[in-house]
Amino acid sequence: MSQSIVPNPDRLLPADPGTRSIARDLLKRVEDLPIISPHGHVDAAVIEQNTPFPDPAALLVSPDHYVTRLIHASGVDQSLLRPQAGAQGDNATPDSRVVWREFCKAWPLLEGTASGYWLRNQFQSVFGLQEEPSATDPDASYNAISAKLEEPGFRPRQLFTDFNIEVLATTDDPLDDLASHKAIAEDASFAGRVLPTFRPDQYLNIAHPTWSANVDRLIAAAGDGGSGYAAYITALENRRQYFVEHGAVSADHGVRTPRTLKLDDADAARMFDRARSGQASAQDRENFEAHMMYQMARMSVADGLVMTIHPGSFRNHHEPTFNTFGADSGHDIPFAIDYTENIRPLLQDFGTAKDFHLVLFTMDETVYSRELAPLAGFYPSVYLGAPWWFLDAPDAMLRFRSAVTETAGFSRNSGFIDDTRAFCSIPARHDASRRIEASFLARLVAEHRVSEDRAHEIIVDLVDGSPRRVFKL
């Protein structure tokens, strides 16, 4: 039997009636503010070309590793959920209605998860569904969403406006020509801002299988005619400047750990040469990436790009799945990290540098109160990245706010980061964050720890002021 999917207006707000009333007023203060999304993975070309969305399964299920990983855990083969990496032929990509049927059967598994919450919100507010997906009649929801996708006005540019998005940052390869960003910026008919983000991971990590080839391309494109380590550093600086000229405000780094290391140029050059000749040791690989994180900070101080660090994911934990379905197929697993010692070499030289902004993220909640809040509570450069990946869920977001606020206050926060490839989920994710902030602040008001007037000021700053300030918008 299908159940209503119309969301309760008090979702995620406190259960206590008095506290909930305070939270309602706080939410009302911010629920219509524009969306500032300073870090995400939507393709700028989709906005530029106003590309129609694909079918419901290709839009909402197959690319969403939050969803497919849990369905797979219940015993469903991934071949029924997503395309095989690099495969050709009729069996490489599952039929979209087969994917949707598996999704509808698995829908109850998503109860209590952030994915279930976001999808329920999207189904009603974006696609106009009134009932949940049903395993007994999967075609009903599939056909309703398909009909919505076929409407002439249901395109990325119109939704950008409908969602009240003011700023949307993408994530881009250092050698991207940023043509889509340039076209959007020059289009007088489009009012929003779509900003590129410099993401150099595969040019910094010498363990990456295409690192040397990437370096060849980088030096050829921007190395000012030189060669070797010096040309490599120059090329990175030049490409960062290219991004700045095309509107970028940040450089993002998806590293295994937040380790940083300051090497002199001669040692770094020798390590670079060993890597280029295929003779780098495992320790070389660790040290070189750590040194390049130090170099990225140095460059951020010089060119003004906000530096964001996303560490702590064991990528591609299940090799057979990676070999068949590629990266981002649901088996990236968090592990414990150490910020205090690892980030210290960088902060020794740049932690108090004027106008340097360093946003630190984690999937290891144990570091929130022990390391990240104290770091942000001392270093002017350090800001607390919003709960990320496995932690961008209601209870985890509340734990984050409780863990960091008593040490770092509210002013040292990045603002909410949706970090999504799923364009249609953006308003649902930001709505959830705003409700969590309202809930947390309402409790402080109810306990007479913060005045209601001050709580209204704080929530506006958390939603709107912080992302603008931290990401220099």
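Visitor: Which residue is the bridge partner of Val-167 in β3?
Guide: Arg-193 in β3 is the bridge partner of Val-167. Strands here are DSSP runs of E, at least two residues, and helices are runs of H or I, at least four, numbered from the N terminus. The model is predicted: local features need pLDDT of at least 70, side-chain atom pairs count only at pLDDT 80 or more, and totals for chains, interfaces and linings use all residues. Residues are numbered from 1 along each chain as its sequence is written, and side-chain values use heavy atoms, with hydrogens and water left out.

Visitor: How many bridges join β2 to β3?
Guide: Three, and the strands run parallel. Two strands pair if DSSP finds at least two bridges between them. Strand β1 (residues 35-37) also pairs with β2 in the parallel sense, over three bridges. There, Ile-35 stands opposite Ile-165.

Visitor: Why is β2 largely enclosed?
Guide: Because four of its five residues are buried. Buried means under 20% relative accessible area, exposed over 50%, partly exposed in between (1.4 Å probe, protein chains only).

Visitor: New topic. Where is Asn-164?
Guide: In the loop between α8 (156-162) and β2 (165-169). Most residues other than glycine have a negative phi.

Visitor: Is Asn-164 buried or partly exposed?
Guide: Asn-164 counts as partly exposed, at 34% relative accessibility.

Visitor: And the core? Which residues have the most contacts inside the largest one?
Guide: Tyr-232 and Leu-358, in a nonpolar core of 60 residues. Such a core is a set of buried Ala, Val, Leu, Ile, Met, Phe, Trp, Tyr and Cys residues joined through side-chain atoms within 4.5 Å. A second, separate core has 41 residues, including Ile-47 and Phe-190.
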